Structure formats: C-alpha cells, structure tokens
Amino acid sequence: MRTETPVSVKLEDYTPYPFEIDSVSLDFSLELEATRVRTKMSVRRVRPGEFVLDGEGLTLNDISIDGTPLQVSDYKIADSKLTIADVPDTFTLETDVTINPKANTALSGLYVSAGRFCSQCEATGFRRITYWPDRPDVMSRFHVRIDADKATYPILLSNGTPGKAGDLPGGRHFAEWDDPHPKPSYLFALCAGDYDVWRDSFTTMNGDHVDLGVYVDKGQADRAEWAMESLKASMKWDEERFGRAYDLGVFNIVAVRDFNFGAMENKGLNIFNSAYVLASPDSATDADFEAIESIVGHEYFHNWTGNRITCRDWFQLCLKEGLTVFRDQEFSSDLRSRPVQRIKDVMRLRARQFAEDGGPLAHPVRPQAYGSIDNLYTATVYEKGAELIRALTVLIGDDAFNKGMQIYFDEYDGTASTIEDFYSCFEKASGQDLSQFRLWYAQAGTPEVTVVEEWDEAKSELTLTLSQKTPPTPKQDTKKPVPIPLRASLLDGKGGHVEAGGWQDGETVIVLDEAEKTVKVNLAKGSARPLLSINREFSAPVRVRRDLDKAGLLKLAAAETDPFNIWDCFQSLAKTEIFRLLDEPQSPPDDALVSAMADAVRLNESDPAFAALLTVLPDVGELFQDREPADPAGLDSARKRLRKAFAEALAGDITRILEQPSPTPFKPSAEQAGTRALRGAMIGLTGALGTPEAASQLKSHFDSASNMTESLACLRSLIPLPGKARDEAIETFYARWKDNPLVIDKWFAVQAGQGTAEDARRLSEHPDFDMSNPNRVRSVAAAFSMTNLAAFHAPDGKGHEVIADIIQRADKLNPALAARLLTSFEQWKKLEPKARASAKTVLERLQEAGLSKNAMDIVSRALD
C-alpha cells in the first residue's frame, strides 16, 4: 500500500477565521479510556465564511446552539472537520465528546504517561481533545473545570489561576482554572495525577507575588531544585534585560517521561520532558544542568514571545521560536561564558542547520508551503531563526534593537502577529528599510561569502572584495543578495588592533548587501599590512571563503582577539588536514599543525571551558559540506588519525590535568563546569590513543569518577576499545543506574553513538528498549543515525536498514517521532555511490510502506 504525499498547505492561501470565540468553558471528566469533554464557546461572526471546527479521534455525543440540540442533518463531519452551514452571527455552541487518552500513543492531544494525564497541543493536538478551530490566530479566554478520581489523581492542573475546588460523590473531586489572557488552543494544558512538588516563590519587579511549583514523579522532588533555580533566574533576567515581568500569580512546571519534544510553553503550566527537569549531582552531567537552565529559560521567555504575542499562522513559527532561541542564548551567555556559549551555538547550527540547508529537506526560515506542520519544527526555524535575530542586532545596533523590542511588546501584546509586524517595529526604531533583510526569511540555503584581499604597500591601502552566493535549494534555483552584516577588525599581530579611517578602534561592521562589494581601507602612511578578522562572533550565519593557506591561518589564529575566530581558525585548519589525510591515507598528520593545536589548548588553559572546545575536531556530518561525494568511513578514519596525533602531542598535559582532583563538592556552576569540561576533553583524548594502556587508565578513572560528567566521558571513551575494561564498564554502569531511566538513556546512547549497525539493532531489541517512549527510541536511533555517520552510512546498507526498521515500528505508534528520525537521511544525496544507492533503496522502500502523513512528508521531500 502506498501512502500519497501529503497535500501542501500554502502561505498564500491564508485567510482569517470568519469568527471570534471570546471565551470558552471546558469541562473534563477524566477516565483513562473514556474521558468526557464538554465545551461551551461564545462565538461571534466578524466576516463572511463557514463555521468549521477541527476534530480528530472524537466521539460526538451531543451538539447544540443556544441550548437547542442540532440534528445530524444540521452539520457535517468529514475529513477531520465539523461544519455547521447555518449559524447566527452571535451564538453559544456546546459540544460533548468522548476521547480515549490511554490509546493515544502519538502523544498529541490528551494522553496518559505513567498513569497520569498529560496534554500536548502544539501544533495541532487540541483537535484531539474537542472540536475547535485549531489554528493560532483564534485566541480565547479559557475557563477549565476538571473532575477525576481523587485517590488516583489528587492534583488537577491547567492554565492560569486556580479557582474553586472540592470533593464530589463517588470518591471524585474537581478543580477549576481561569486564564485571564486570550490564548490560542495550542497553548492549552492539562495535567492530572499524583506528584511530588518542589515549591518556591518569586516577587516580580512590580511587587507581585508568584507561587512557583515543579511537579515530578514521587520521590524525585529534590531533583527539581535546579529547574526551580533556573526558572527564578529566567524571571529575573527577563525583567532586567527586556523589562518584562510575569503576569499571573502562579507558574507551574510538570515533568513527563513520555514527551515528543523538550518542553512546551503553555501559559502558566509548562510541560517538560523529564530529561530537562530532573537533575542531581550524582546522576546528571554538566551538559544536563546547562540544558535544563537553557530550556527552562526558553519556555519561560515564551511568556512574552509566543504567549502574550503569538504567531498568526504556522508559517510564522520562527517569529516565536527563533526569537525565543535568541533570547535563551543571550540568557545563557549572561549567566555563563559569552564566547563559549557563542561557539556552542554555532557548533549546533553547523552540525544540524547547515546540513539541513544543504540537503533535500532545505526550506526557508518562513516557508511558503508545508505538508505536515509537525515537520516544520526544524533547526532552520529555531537555530537559523535565532541567528537572523542576532544578525539584525548587528545590522541596526543594540540600542535600536532594544527599542524595537519594546515597540513590539507594546503594540502587539494580545495579538497573533507576522514577520512583517515584527520588522515594522525595528524599522520604526532604527529608521531603516528592512525589506531586503526579510529576504533571509524567504530563501533557503546558507550564503557563501568570498573575501579577497589586495594590499597596496605604497598607499598603505587594503582593498577588500566581498561577494556572496547562495547555492540552489529545492524549488529555489536562483537567490537574491541578502544583507550580510560582518563584524570586522584589523589586527596588528601583536594582540592589538590597527587604526583605520572610519574604523572605530580598528573595528567596523561591513554590510554586504550586493552580489559583490568593494571596501577600501586607508591606513597611516608606512603602516604594515594588517591581518583581517571577519565575521567576528559569527555575526552572520554564512560560510566564509578566504584564500588563506595553513601558514596564513596559523598566523591569523595567533593574532586573533575574538575567541570565536580563534576557535574557527583551528576548525578550518583541522578540516583541511582531515581532507588531506583522507586523500593521502599513508601520510602522517602534520606535526607543525598538531603542535600548534596543542599549544593553543595550553595557552588557553586559564579558561578551561574554551580550552576544551579547542580540542574538538569538526565532526563527520560537518565535513560533508566540503567534500562531495562524502565517504563517511574514510572521513571518520582520517579524523581519528588526526585526533590520535593530537592526543599524543598533549600526552603530558592529559596526565597532569587528570591527576588533579575533580572539583568537590559538585556544583553546577560555570566555573566548575569549565574545569570538568577540560577534564572530559582529556578523557576523550585518552580514548583517542586507542592503546590497552589507555583503556586501563580510562577504566581506573571510570571507577573513581565522583560525578556523572566524568563517569559518562570515561564510558564513552571506552566504547570503541574492545576488551575487558570496556565490557566491565558497560555492565557496571548499567547495574548502578538501571532504575534511573534518564541515565539508562545515556547508556543506550553512548553505545549506539559509537557502535556498529549490529550494535544498534541489538540495543533496539534490549529488554529496556521501549518503542513507546521517545527518549528511549532517540537514545538508540537518533544517537546512531545522527552522530555515528560512519556506521549509519556504511556502504553495506546495514545502518540504513536498522534505522528504517525502527522508523516503521515507531510510525505505527508515534508518527511525529518517526518523521523526526527520518531527517537523519537528509544528507544521503552527498554520499559516495554505494552508500547513496543504499539510502535511496531504503527511502523508496519506506515510501511504499504505508507510512503516516508525517513520515511520508519527509520521505517524499528527501526523494524529490
């Protein structure tokens, strides 16, 4: 059976909804297999059009208008739509439906996780709860009443402010919630069950008291402390940075084990994947603590950029997500190290979004059409969307940006807005016409900027010729020039900047807004040729091409004053060397380069978090972008040869650093995390040596590790080293943590991320593997297919087959999860011939397999 490609939804077809629903009352009677939902909505016509509601998987019991029951002939239900042809201009609609939360394995709508009720309504889950115009531009005030068995579900939560509550006959009880702020249905939330709660409070800058609660599994309350501290830090930061205070008397977070995403920003009731709430020093890594801090911040910041102001339609998704990612990145930068945070953000962008932009799944930040809305939650919308906000700040300056944000908050509060609405605020603030900048939102692909330098010694004049080109992407062969703001500086090679006409303190912003642009820089007579530092702090999401050889890059790296560009110089050097080693398999790594890389680590050891990043080589997926056809196994082998040489050059430093004790007691502070990051890097380089002695040392460190960061680093480094030490570490780790599902997720992931296709299949058949839990599925399938590319794209096709099998199994339960896993094939067209043929065969088999709409959308685009 072949499932046809989903019909596209097009931006050009958008029309406003003909009705407004000023308020709605929802009455839930919770039962696992037969929950009753009674809905009463106040409706008024605002323009001509039919009254159409969305609904999926609902059993309609009753429906009436203004108290009069409708006959079956009065309405039509077809294609997940309920249409009432003849309605008054103002009326009250009441519906009574039954749903089955226990059978809802898609985890969209109202479902059951660990015996508790939970909802997830973004993007279109509310239609699985009741009939409703399930679109973000229909905003209503919600009143919610919940009743349930009191013993089983003692806590009943929804959006807004708690109201009446009490007992009912038959051992049941009820609770009411009112949200005074109009919101779209995707922000509705309901949770019911038995929880432990970590409670606290916050006083806003306006003097308002806010009760805070983090609801977790029984016995886990102490593991919610960091999430609570992160929430309070977020609330304070948004007041100080953007002048925005929280606007309700209650803010709750609920941790859920079965969740498709990281978290959801429902107004006043954020629902989180438990992986981003629960953390304790013994069981969580520094990366876990950082992720919790960032994601708690992200969801809280949505209160203003997503909730108070939402998006008019899903094509504007970047308006809330890209903007809020920018905000959470700024939050993390202010709480931790700004240069380190910038490098980590760019690493994620290059690993995921650049790959997306360069493959068959490429799409603009604001696409013109989509097949399945669930598949629009991409790195392009989130990470590239954030980079465009950052580029805007560089283009117009911080003062104008901050002023524009305040205009946006004030003028669009309580509305569903568009990209045009957003940018109009910055045009007012800056006085600039930003229509060309908005081309960034309409064009897919990563622009490539070429920089050519010419030095006129007689005139002491540097001429820069900059050009831009964006490669063709699906359905977009021709691209227009976009404004690219490039921070630039002239360096003297002695740690300082060179003064130049019009360059303040040797720095400026060059805006490349044409296909080609020439910039002349005049220096004082007799000046030596300066070194050009460009795209400092990664001011624009582009790929920069420069005609610099190894000596030139090393000289620039030594002169750089921008930490990002120091790191990026060594990334470029490492890439070039990996490609050389791939082409010359018998040639040893370049000693001078390896020595310079090692010296850079030593030189920056006073900032251990930054030094740790200098040990990270470009991953195989990023190398794909510069080598086509790509040979993943060959690239992986060449990369490992360079890494081994790097480890040998740092051998004495590895011993010295690891002989020092790890900080105790454990604190999730930036200072301690930096120290452990460098120790973790040294552990990883120990594994890169690949010797029996290295395995023995790693096992010794594993046995004595006092924290999860180093314990997991040792296990990860041991996985590729067959032998007794590895096997014992795998068994010990499992025995120690088998009752902690979040830690066992890591146990699965480190093995899948380093093993073979056979290992991935074995893990997918392990008794603890749970196809119904997205975290566990991702810990095997995503870890293998998205981080272990040499094994996933092996020419024998076994890696493709094992992931295809998991995708088919997942699709039957959770189409959104299956679709997300399918994106691992996004670079298949870049592969060498054997692997490319295997990937194509597997994708074609999946195309014929009768997959869900979500999955078919990805498959059809990948094969297009």
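Which strands does helix α2 lie across, and at what angle does helix α2 run to β21? Helix α2 covers residues 286-301. Helix α2 lies across β19, β20 and β21. To β21, helix α2 runs at about 150°. One caution before we go on: this is a predicted model.

Let's stay with that sheet. The sheet is open and has 5 strands. Read across, the order is β17-β18-β19-β21-β20. The pairing is mixed. Strands of a sheet pair through backbone hydrogen bonds, either parallel or antiparallel.

Now, which strands stand at the edges? They are β17, residues 196-203, and β20, residues 263-264. Each of these has a single partner strand, so one side of each is left without a neighbour in the sheet.

Strand β20 is joined to β21, residues 269-273, by 2 bridges. Those two strands run antiparallel. If you want a pair to find on screen, take Met264, which stands opposite Ile271 in β21.

Next, a pair of helices. Two packed helices are described by the angle between their axes and the distance between the axes. Take α3, residues 317-335, and α5. Their axes are 7 Å apart. The packing angle is about 70°. Angles of 65 to 115 degrees count as roughly perpendicular, and α3 and α5 are therefore roughly perpendicular to each other. The crossing is right-handed.

Who makes the contact? From α3, the residues include Leu317, Cys318, Leu323 and Phe326. From α5, they include Val381, Tyr382, Ile389 and Arg390. By class, this contact has 9 nonpolar, 4 polar and 4 charged residues.

On to another sheet. This one is open, with 3 strands in the order β28-β27-β30. The pairing is antiparallel. At the edges stand β28, residues 507-512, and β30, residues 531-534. Each has a single partner strand, so each has one side left without a neighbour in the sheet. From one strand to the next, the twist averages 30°.

How many bridges join β27 to β30? The count is 4, and the two strands run antiparallel. Look for Ala488, which stands opposite Ile534 in β30. And here α5 comes back. Helix α5, residues 379-396, packs on this sheet and touches β27 and β28. The direction of α5 makes about 60° with that of β27.

Now a hairpin. Strands β25 and β26 form it, with 4 residues between them. In the turn, Ser460 has a positive phi of about 50°. Strand β25 spans residues 448-456, and β26 spans residues 461-469. They run antiparallel and are joined by 9 bridges. Asp456 stands opposite Glu461 in β26.

Strand β25 also pairs with β31, residues 543-546. This time the strands run parallel, with 4 bridges between them. Val451 has Arg546 in β31 as its bridge partner.

Ala458 sits between β25 and β26. Is Ala458 buried or exposed? Its relative accessible area is 58%. Exposed means over 50%, so Ala458 is exposed. Ala458 is also 74 Å from Ser113, C-alpha to C-alpha. In sequence, these two residues are 345 apart.

Last pair of helices: α10, residues 563-583, and α11, residues 591-603. Their axes come within 11 Å and cross at roughly 150°. Over 145 degrees counts as roughly antiparallel, and that makes α10 roughly antiparallel to α11. The crossing is left-handed.

The contact uses Phe570, Leu573 and Glu577 of α10. From α11 come Leu593, Ala596, Met597 and Ala600. By class, that is 6 nonpolar, no polar and 1 charged residues.

And a final residue. Asp653 lies in helix α15, residues 651-659. With a relative accessible area of 11%, Asp653 is buried. The C-alpha atoms of Asp653 and Val601 are separated by 9.6 Å. Along the chain, the two are 52 residues apart.

How values were computed: Residues are numbered from 1 along each chain as its sequence is written. This is a predicted model: local features need pLDDT of at least 70, side-chain atom pairs count only at pLDDT 80 or more; totals for chains, interfaces and linings use all residues. Side-chain values use heavy atoms; hydrogens and water are left out. Axes are lines fitted to C-alpha atoms, for helices over the stretch in contact, and angles run from 0 to 180 degrees between N-to-C directions. Angles under 35 degrees count as roughly parallel, over 145 as roughly antiparallel, 65 to 115 as roughly perpendicular and the rest as oblique. A crossing is left-handed if the near helix is turned anticlockwise from the far one by less than a right angle, and right-handed if clockwise. Contact means heavy atoms within 4.5 Å. Ala, Val, Leu, Ile, Met, Phe, Trp, Tyr, Cys and Pro count as nonpolar, Asp, Glu, Lys and Arg as charged, and the others, Gly among them, as polar. Two strands pair if DSSP finds at least two bridges between them. Buried means under 20% relative accessible area, exposed over 50%, partly exposed in between (1.4 Å probe, protein chains only).
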